[in-house]
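The briefing below is meant to be read beside the sequence and the coordinates, and it takes the overall picture before single residues.

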Amino acid sequence: MKITKEDVFTKEQFLKSNTMKWSKDVIEAVLEDEKSYQKLEAEKKIKNYLEGKRKGEVK
């Protein structure tokens with residue numbers, strides 16, 4: 001499956017969206033400015049953050 005420009009969203013677009021189940025504060029804290037994410041990628045990043053999984057952390 002080819003990823004198109006329509007399949008990725010900026011942090012600002014996620015903040016304005018009503019489809020994300022997380023608060024705007026969490027989206028603001030986790031997603032990076034000036035970066036685009038696929039919806040599943042953004043959800044995974046947020047879920048990992050909320051579960052306490054950080055980059056390089058071993059549990």
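**Surface and overall make-up**

The protein exposes about 5000 Å², and carbon and sulfur atoms supply 51% of that area, with accessible areas taken from the Shrake-Rupley method with a 1.4 Å probe, where for residues only the protein chains shown count as cover. This is a predicted model, in which local features need pLDDT of at least 70 and side-chain atom pairs count only at pLDDT 80 or more, while totals for chains, interfaces and linings use all residues. Residues are numbered from 1 along each chain as its sequence is written, and side-chain values use heavy atoms, with hydrogens and water left out.

**Fold**

- The secondary structure comes to three helices and two strands, where helices (H or I, at least four residues) and strands (E, at least two) are DSSP runs numbered from the N terminus.
- Along the sequence, these elements follow the pattern β-α-α-β-α.
- Of the 59 residues of the protein, 22% count as buried, a class defined as under 20% relative accessible area, with exposed over 50% and partly exposed in between (1.4 Å probe, protein chains only).
- Among contacts (heavy atoms within 4.5 Å) between residues at least 6 apart in sequence, 39% join residues at least 24 apart.
- Helix H3, residues 39–50, has 12 residues and reaches 17 Å from its first C-alpha to its last, close to the 16 Å expected, the expected span being 1.5 Å times one less than the number of residues.
- H3 is followed by Gly-52, whose phi is positive, near 85 degrees.

- In soluble globular proteins, nonpolar side chains tend to be buried together.
- Ala-42 is in contact with Phe-14, Met-20, Leu-31 and Tyr-37, once its neighbours within four places in sequence are left aside.
- Val-26, which lies in helix H2, is buried at a relative accessible area of 17% and touches Ile-46 and Leu-50, not counting residues up to four places away in sequence.
- From C-alpha to C-alpha, Val-26 and Leu-15 are 9.7 Å apart in space, and they are 11 residues apart in sequence.

**Aromatic pair**

- A search of the whole structure finds one aromatic pair, the criterion being rings of Phe, Tyr and Trp (its six-membered ring) with centres within 6.5 Å, where planes under 30 degrees apart count as stacked, over 60 as edge-to-face and the rest as tilted.
- The rings of Phe-9 and Phe-14 have their centres 5.7 Å apart and their planes at 65 degrees, so the pair is edge-to-face.
- Phe-9 is partly exposed, with a relative accessible area of 29%, whereas Phe-14 is buried, with a value of 4%.

**Charged residues**

- Lys-11, placed in helix H1, is buried, with a relative accessible area of 7%.
- The side chain of Lys-11 makes a polar contact with that of Glu-28 at 2.9 Å, a polar contact being a pair of N or O atoms within 3.5 Å; within protein, one must be able to donate a hydrogen and the other to accept it, and residues adjacent in sequence count only if both atoms are side-chain atoms.
- Glu-34 lies in the loop between H2 and strand E2 (36–38), counts as exposed at 84% relative accessibility, and has a positive phi of about 65 degrees although it is not a glycine.
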